[in-house]
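This report walks through one protein model, part by part. The sequence and the structure come first, and the notes follow.

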Amino acid sequence: MKKVKLIKIDVDKCNGCRACEVVCSAFHAAPKYSSTNPERSRIRVLFDPLRDIYVPVLAGEYTEAECNGRDLYTIDGKVYDECAFCRASCPSRKLFKDPDSGLPLKRDMCEEEPPLPEPLCVQWCLSDALTYEEREEEGEEGDKKREMEIGLESLIKKHGAKTVMDTVARLSKDKH
Ligand code: SF4
Ligand code: SF4
């Protein structure tokens with residue numbers, strides 16, 4: 001059995017306060033809580049106050065190439081931008097990429113030991129636009145190995161295999 005963790009988003013309740021972005025970026029800062037920067041957040045709020053648009057979007061998978069089939073949504077007469085609801089970390093935009101390393105960001109449900117009762121964006125959303133649920137499903141736990149491979153592939157592409165290998169060797173030496 002695997003545990004499925006679900007953040008439910010009620011767009012009508014989102015008021016665009018961006019507390020979720022602030023706390024997410026603080027949690028993922030190094031050291032933890034040392035800084036805030038929404039660009040480091042795994043949740044971003046699509047934001048257009050004049051059209052009364054506030055849509056939280058959680059970071060999803062990394063993709064190497066931008067897709068050439070886009071969507072254009074109109075909801076309650078509001079037209080949203082192409083790619084607006086896409087969760088991908090994709091070459092066509094800066095969204096969901098770490099501003100320092102350029103590495104793709106993916107939401108991780110604030111997993112740590114001991115586990116948090118709920119992801120922090122949910123805890124900090126005072127208007128209940130975000131709510132959290134867990135359930136059990138048939139199948140294996142998530143593919144952590146593939147996530148690590150994606151991270152390493154991006155680093156190698158950016159810095160070259162030798163630099164990455166040298167850095168890993170230096171870091172493991174420092175730890176011993
Ligand atoms: S904390 Fe909640 S209400 Fe505020 S921007 Fe995030 S999702 Fe919207
Ligand atoms: S952001 Fe998403 S929808 Fe837009 S090009 Fe990239 S993968 Fe396609």
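## Confidence

This is a predicted model, and among the elements of the protein helix H2 (residues 120-124) has the highest mean pLDDT, 98. The lowest mean, 74, belongs to helix H3 (residues 144-159). Over the protein the average pLDDT is 88, and 94% of the residues score at least 70. Where pLDDT is low, the predicted coordinates should not be read in detail.

## Overall build

The secondary structure consists of four helices and six strands. Read from the N terminus, the order of elements is β-α-β-β-β-β-α-β-α-α. A box of roughly 55 × 40 × 40 Å, taken along the principal axes, holds the C-alpha atoms of the protein.

The protein has 176 residues, of which 17% count as buried. Of the contacts with a separation of 6 or more, 62% are between residues 24 or more positions apart.

Contact between the two involves four residues of domain 1 and five residues of domain 2. On the side of domain 1 that touches domain 2, three residues are nonpolar, one is polar and none is charged.

The largest nonpolar core contains 18 residues. Those with the most contacts inside this core are Cys20, Val23, Cys24, Ile43, Cys121, Cys125 and Leu130. Two or more residues each come from H1, strand E2 (43-48), E3 and H2. H1 contributes the most, with four residues.

Within H1, the buried residues are Cys20, Glu21, Val23, Cys24, Ser25 and Phe27. These buried residues pack against E2, E3, H2 and strand E6 (130-137). Cys24 shows some of the detail: apart from its neighbours within four places in sequence, Cys24 is in contact with Ser41, Arg42, Ile43, Leu120 and Cys121.

## Surroundings of the ligands

Ligand 1 is surrounded by 15 residues, and the closest are Cys14, Cys17, Cys20, Cys125 and Ala129. Helix H1 (19-27) and strand E3 (53-58) each provide at least two residues of this shell. By type, the shell around ligand 1 has eleven nonpolar residues, three polar and one charged.

Around ligand 2 are Thr63, Glu66, Cys67, Arg70, Cys83, Cys86, Ala88, Cys90, Ser92 and Arg93. This shell divides into five nonpolar, two polar and three charged residues.

## Backbone details in the loops

Two cis peptide bonds can be described. One joins Ala30 and Pro31, with omega about -10°, and Pro31 lies in the loop between H1 and E2. Another runs from Glu113 to Pro114, with omega near -10°; Pro114 lies in the loop between strand E5 (78-79) and H2.

The loop between E5 and H2 also holds Met109 and Cys110. Met109 has a phi near 60°, a positive value in a residue other than glycine. For Cys110, phi is near 55°, again positive in a residue other than glycine.

Note on methods: Residues numbered from 1 in each chain as written. Chains lettered and ligands numbered in written order. Predicted model: local features only at pLDDT ≥ 70, side-chain atom pairs only at ≥ 80, totals over all residues. Near = placed C-beta within 6 Å. Nonpolar A, V, L, I, M, F, W, Y, C, P; charged D, E, K, R; others polar. Buried ≥ 20, exposed ≤ 12 C-beta atoms within 10 Å, placed from the backbone. Contact = placed C-beta atoms within 7 Å. pLDDT = per-residue confidence, 0-100. Core = buried A, V, L, I, M, F, W, Y, C linked by C-beta atoms within 7 Å.
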